[in-house]
Amino acid sequence: MSDCLFCKIINGEIPSTKVYEDERVYAFKDIEPIAPYHVLIVPKKHYSSILDVEKNDDIVSYVFSICVKLAKDEGYDEKGFRIINNCGDDGGQSVHHLHFHLLAGKKLSWEA
């Protein structure tokens, strides 16, 4: 996707603060964090949203395993953390490339 913001970040065309990278995902700090630890975990393969993930594709479970790894690496496994995925405009998805927010570092409230 030539005009996708996250594809450009993954490809190094737009700078980011990388937290983790492997052959399947890229994780970086959110530029407008809502928690002391706010990281985006993005599949390198472009999916517009969770609706584009095929039945037998394990990318969501893989991303969750990376979220757990990052939370443990930062010591947030003891106090807790949150993983968020927004789907569609009304669901709060502002970049149409599948991504997950990992939030930690404070007591998180629930507001919709």
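Mentor: Helices (H or I, at least four residues) and strands (E, at least two) are DSSP runs, numbered from the N terminus. This is a predicted model, in which local features need pLDDT of at least 70, side-chain atom pairs count only at pLDDT 80 or more, and totals for chains, interfaces and linings use all residues. Residues are numbered from 1 along each chain as its sequence is written, and side-chain values use heavy atoms, with hydrogens and water left out.

Trainee: Which residue meets Lys18 in a salt bridge?

Mentor: Side chains of opposite charge can pair when their charged atoms come close. A salt bridge is a side-chain nitrogen of Lys or Arg within 4 Å of a carboxyl oxygen of Asp or Glu, and the structure holds 4 of them. At 3.1 Å, N to O, the side chain of Lys18 meets that of Glu21.

Trainee: Which residues are linked in a network of salt bridges?

Mentor: The side chains of Lys44 and Glu21 also meet in a salt bridge, at 2.9 Å, N to O. This pair links distant parts of the chain, 23 residues apart, with Lys44 in the loop between β3 (37-43) and α2 (59-73) and Glu21 in strand β1 (residues 18-21). The network is made up of Lys18, Glu21 and Lys44.

Trainee: What is the relative accessible area of Lys44?

Mentor: The term partly exposed covers values between buried (under 20% relative accessible area) and exposed (over 50%), with a 1.4 Å probe and protein chains only. Glu21 is partly exposed at 36%, and Lys18 is partly exposed at 49%. Lys44 is partly exposed too, with a relative accessible area of 27%.

Trainee: How many residues apart in sequence are the parts tied together by Asp58 and Arg24?

Mentor: The side chains of Asp58 and Arg24 meet in a salt bridge of 2.7 Å, N to O. Asp58 lies in the loop between β3 and α2, and Arg24 in the loop between β1 and β2 (25-29), so the pair ties together parts whose separation in sequence is 34 residues.

Trainee: With which side chain does the side chain of His96 make a polar contact?

Mentor: His96 is placed in the loop between β4 (82-84) and β5 (100-104). Leaving aside neighbours within four places in sequence, His96 is in contact (heavy atoms within 4.5 Å) with His46, Tyr47, Ser48, Gly88 and Asp89. A polar contact is a pair of N or O atoms within 3.5 Å; within protein, one must be able to donate a hydrogen and the other to accept it, and residues adjacent in sequence count only if both atoms are side-chain atoms. At 3.0 Å, the side chain of His96 makes such a contact with that of Asp89.

Trainee: How far apart in space are His96 and Glu13?

Mentor: In sequence, His96 and Glu13 are 83 residues apart. In space, C-alpha to C-alpha, the distance between His96 and Glu13 is 18 Å.
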